[in-house]
Amino acid sequence: MNIDFARKLELAYHQQCKALCNEFHLKQTGFDILMFLGNNPQYSHARDIVEIRKIKANLVSIHVDRLVEQGYLSRVNVPGDRRKVELVLNEKARKVIEKGKDFQNCFIDSIFVNIDEEHKKIFKETLELMEKNLEDLMEEK
C-alpha cells in the first residue's frame, strides 16, 4: 500500500462533497469542522479540531468565526474557566450534519462497489488490527 491511496481518497472525498458545500454556502473547511463536531460530540473546542483534524489554528479560527456569523455554531463560555469556549452546533447545523452523514455513508459505499462481503469483512478486521498496532507503537517509548 502506498501514500497515493490516502491522497486519492482525500481528493475524491473533497471532489464529491463540493455540491453539498455549495448547497449550504460552506467552504470545505467549514463543512469539515461541522462534520467533525457532529460526528464526535465528545469534542467541542477549537483546540480539538486543531489537534485531531490537524487543521491550522488560524484556519480553524477564521472558519469558526464564519460559521458563527452564518448561524451554524455558537460560542459558549465554559463555567469556571474564562479562557475556554465551547463550540455548540445550532439548529441550522443539524441539516448540514444530517445530509453530511448521508453523503459520508454513500461515499463509503461507493468505494466498496464491486467488493464482496467477505473481502469487506477482511478489510475491516485488517484495519482494526492495524489500529491496534498503531496504538501499540504510540505507547512505546
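This is a predicted model: local features need pLDDT of at least 70, side-chain atom pairs count only at pLDDT 80 or more; totals for chains, interfaces and linings use all residues.
For a sense of scale, the C-alpha trace spans about 50 × 45 × 25 Å along its principal axes. Within that space sit seven helices and two strands. If you follow the chain from one end to the other, the pattern reads α-α-α-α-α-β-β-α-α. And what about contacts across the sequence? Counting contacts between residues at least 6 apart in sequence, 50% join residues at least 24 apart.

Now let's zoom in on one pair of helices. Two packed helices are described by the angle between their axes and by the distance between those axes. Here, take helix H1, residues 3-16, and helix H6, residues 91-111: they pack at an angle of about 135°, and their axes are 11 Å apart. Because of that angle, H1 is oblique to H6. The crossing of these two helices, H1 and H6, is right-handed. Which residues make the contact? On the H1 side you can find Leu9, Ala12, Tyr13 and Gln16, while H6 brings in Phe103, Gln104, Phe107 and Ile111. Sort the residues in this contact of H1 with H6 by class and you get six nonpolar, two polar and no charged ones.

Tyr13 turns up again when we move to Asp32, which has Tyr13, His14 and Arg53 as its contacts once you leave aside its neighbours within four places in sequence. You'll find Asp32 in helix H3, residues 28-39. Is Asp32 buried or exposed? Its relative accessible area is 10%, so Asp32 counts as buried.

Next, the cysteines. A disulfide is a covalent bond between the sulfur atoms of two cysteines. Cys106 is in no disulfide either. For Cys106, the nearest cysteine sulfur is again that of Cys17, this time 13 Å away. Cys106 has a relative accessibility of 52%, so it counts as exposed.

Most residues other than glycine have a negative phi. His25, though, has a positive phi of about 55° although it is not a glycine. Where does His25 sit? Look in the loop between helix H2, residues 18-23, and H3. With 64% relative accessibility, His25 counts as exposed.

Asn114 is found in the loop between H6 and helix H7, the latter covering residues 117-139. Is Asn114 buried or exposed? Its relative accessible area is 80%, so Asn114 is exposed.

Definitions and conventions. Residues are numbered from 1 along each chain as its sequence is written. Side-chain values use heavy atoms; hydrogens and water are left out. Axes are lines fitted to C-alpha atoms, for helices over the stretch in contact, and angles run from 0 to 180 degrees between N-to-C directions. Helices (H or I, at least four residues) and strands (E, at least two) are DSSP runs, numbered from the N terminus. Angles under 35 degrees count as roughly parallel, over 145 as roughly antiparallel, 65 to 115 as roughly perpendicular and the rest as oblique. A crossing is left-handed if the near helix is turned anticlockwise from the far one by less than a right angle, and right-handed if clockwise. Contact means heavy atoms within 4.5 Å. Ala, Val, Leu, Ile, Met, Phe, Trp, Tyr, Cys and Pro count as nonpolar, Asp, Glu, Lys and Arg as charged, and the others, Gly among them, as polar. A disulfide is a pair of cysteine sulfur atoms within 2.5 Å. Buried means under 20% relative accessible area, exposed over 50%, partly exposed in between (1.4 Å probe, protein chains only).
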